[in-house]
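Visitor: I would like to learn how to read aromatic ring pairs in a model. Please show me the structure and take me through some cases.

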Amino acid sequence: MENKKNIFSECRCGYCLRWGWPLLRHIKKLKLNWFEIPKNGTVSIKWANRNRGHIKNRTKPDTKILIVWRDPVDRFKSIIKHYFVEKGGRYQFGVDFLSRLDKDITSMSIEQIVDFVLDNLDKLSTKDEVHHFYPQVRFIDYEHYHNFEFVDMKDITKRFQTNFLNKSKAIDINFTDKQISKIKEIYSEDYEFYNNYVKESHE
């Protein structure tokens, strides 16, 4: 699938260099395989399944792969909370990113922050661990696999047998219609991939 919105720089943070993407995990006790996608319940899943493997040899295309899927608008909202809301897991990353572009996070409303981030996604770099902002399809090896089972975020605790669900800071963010349209455009390849797969799986 062609990347229509290749606006993100390459992330060369320690995690990306160590593991690389797409990252296919095997959870032995559950006898399942799963593509790790940042901001899609990954922390919760790994916390509950610490005895997990890394599948490097992609030789079994019919293997069922679980994909925790998240609506891109909801996922982007989680990223904003993670980076740009105080006490978010990567709040200092967000502060530093804005500062490098001569912006003071304390003087901006959340709406202003979202607008600015959407207009400057191409400025995100390894310093910001930009891979968190990548479209979900970047983390799925759809060239070697095709047998996918989509798992909704709300079903993680049941499907991955965990009572822990890591959540972003409990603050409500309401995107404007313009922001939602822009997010959908930026992450259009995610919608295309999901819609095409669902359509094909029902034909």
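Guide: This is a predicted model. Begin with two residues, F8 and Y134: F8 is buried, and Y134 is buried too.

Visitor: How is a pair of rings described?

Guide: A pair of aromatic rings is described by the distance of the centres and the angle of the planes. By the pairing rule, the count here comes to 22 aromatic pairs. In one of them, the ring centres of F8 and Y134 are 5.9 Å apart and the planes stand at 65°, so this pair is edge-to-face.

Visitor: Where in the chain do F8 and Y134 lie?

Guide: F8 is in the segment before helix 1 (14-19), while Y134 is in the loop between helix 5 (110-119) and strand 5 (148-152). The pair links distant parts of the chain, 126 residues apart.

Visitor: What kind of pair do Y15 and W21 form?

Guide: The centres of the Y15 and W21 rings are 5.9 Å apart and their planes are at 40°, so the pair is tilted. Y15 is partly exposed, with a relative accessible area of 27%. W21 is also partly exposed, at 22%.

Visitor: Which residues do ring pairs link into a cluster?

Guide: The cluster consists of F8, Y15, W19, W21, F76, Y134, F139, F175 and Y187.

Visitor: Which charged ends sit over the rings of W19 and Y134?

Guide: Over the ring of W19 sits the charged end of R25, 4.5 Å from the ring centre. Over the ring of Y134 sits the charged end of R138, 4.5 Å from the ring centre.

Technical notes: Residues are numbered from 1 along each chain as its sequence is written. This is a predicted model: local features need pLDDT of at least 70, side-chain atom pairs count only at pLDDT 80 or more; totals for chains, interfaces and linings use all residues. Side-chain values use heavy atoms; hydrogens and water are left out. Rings of Phe, Tyr and Trp (its six-membered ring) pair if their centres lie within 6.5 Å; planes under 30 degrees apart count as stacked, over 60 as edge-to-face and the rest as tilted. Helices (H or I, at least four residues) and strands (E, at least two) are DSSP runs, numbered from the N terminus. Buried means under 20% relative accessible area, exposed over 50%, partly exposed in between (1.4 Å probe, protein chains only). A charge sits over a ring if NZ of Lys or CZ of Arg is within 6 Å of the ring centre and within 35 degrees of the ring normal.
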